[in-house]
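I opened this model to look up how its parts are arranged, and I kept the entries below as I went.

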Amino acid sequence: MADIIDGKAMASRLADRLADEARRFHIATGRQPTLAVVLVGDDPASMIYVRRKIAACGKAGIRSTDHRLAATASQEELIALVDRLNADPAVHGILVQLPLPPGIRANAVLDRIDPAKDVDGFHPVNVGRLSLGSEGLLPCTPMGCMMLLDSVIDDFRGLKAVVIGKSNIVGKPVALLLLERECTVTITHILTRNLPDLVRAADIVVAAAGAPGLVRGDWVRPGAILIDVGINRVADGEGGHRIVGDCAAAEMDHAAAITPVPGGVGPMTIACLLANTMRAARQQLGLAAAG
Ligand code: NAD
């Protein structure tokens, strides 16, 4: 049987460590690390994500402030809010929940966030730092993927990694992080030819396509490690639905390790958002990195 990499347990340990750090930060500075969460409109999935992020902040001793704008808000209103949060020294991290309503250009808004407060790691300055391999705030899902891999791999050097999906929020940054660890990385996407053969050669597979059960058991070589980023809602045959990943999990007994869906990458993504907020707060107040 493949080992199950328990992202929920890892996220909970990380949140405990951050709660401890947040306490020490408070003692040292008299302030609480603070994340501003911005939600525009009333997309039900976004509302759930925002609620989860705010609840996770509470558990890790991170203060969150909640900023809601109507779906009809203009780009100028949203940018004015980002500017206020940028200028507020009590706010250390800013998260603008995506997607934004049609009519608002997400890039214009994300580019406006102070890179020092960009806890999602989407600002071009942080993306540039990632591609240069220099210090910056990393996007949360790729950062979580690497922590999950770190729990089962000692030495990444020379390993073959295949990343399925080339989005700016998952595929590309996770590929850069793997490259930084000296893996030989292949980035694939919907038009890639011979995807199963490419996956068969891989020691590490990161599946971030949003295609339920795409990666089949016979694509995966014995001993490979699978990070399943996909979150797909599928009918459960009884009138309801269930959440499945991009890997056909029941066919992966011969893999060395796999992340479950749910309970793998998802909880680590949220924990990494908290870790980035803590880090941004320390950097803004000139405190040394936590050990
Ligand atoms: P996206 O739609 O922006 O990108 C998907 C990528 O996968 C594209 O590059 C596309 O070319 C590729 N792709 C799609 N179908 C494919 C196929 N059949 N074969 C090969 N490549 C294929 O998606 P995204 O935002 O990167 O998210 C990907 C998945 O990860 C989604 O299921 C999303 O819900 C999930 N996700 C999970 C988390 C988390 O915290 N666990 C965070 C972000 C995204």
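I looked up the domain spacing and found the C-alpha centres of domain 1 and domain 2 to lie 29 Å apart; domain 1 covers 29–116 and domain 2 covers 140–266, bounds that come from an automatic or database domain assignment.

I note that this is a predicted model, in which local features need pLDDT of at least 70 and side-chain atom pairs count only at pLDDT 80 or more, while totals for chains, interfaces and linings use all residues. Residues are numbered from 1 along each chain as its sequence is written, and side-chain values use heavy atoms, with hydrogens and water left out.

Next I turned to strand 7, residues 204–207 (strands are DSSP runs of E, at least two residues, and helices runs of H or I, at least four, numbered from the N terminus). Ile-204 and Val-206 on one side of strand 7 are buried, as are Val-205 and Ala-207 on the other (buried means under 20% relative accessible area, with a 1.4 Å probe and protein chains only).

I then checked the pairing, which requires at least two DSSP bridges between two strands. Strand 7 runs parallel to strand 5 (residues 160–164), with 4 bridges, and Val-205 is the bridge partner of Val-162. Strand 7 also runs parallel to strand 8 (residues 225–228), again with 4 bridges, and there Ala-207 stands opposite Asp-228.

Last, I looked at helix 6 (residues 140–150) and helix 9 (residues 265–284), which pack at about 110° with axes 8 Å apart (axes are lines fitted to C-alpha atoms over the stretch in contact, and angles run from 0 to 180 degrees between N-to-C directions; contact means heavy atoms within 4.5 Å). Helix 6 and helix 9 are therefore roughly perpendicular, a term that covers 65 to 115 degrees.

Terms used. Buried < 20%, exposed > 50% of the residue type's maximum accessible area, 1.4 Å probe, protein only. Parallel < 35°, antiparallel > 145°, perpendicular 65-115°, else oblique.
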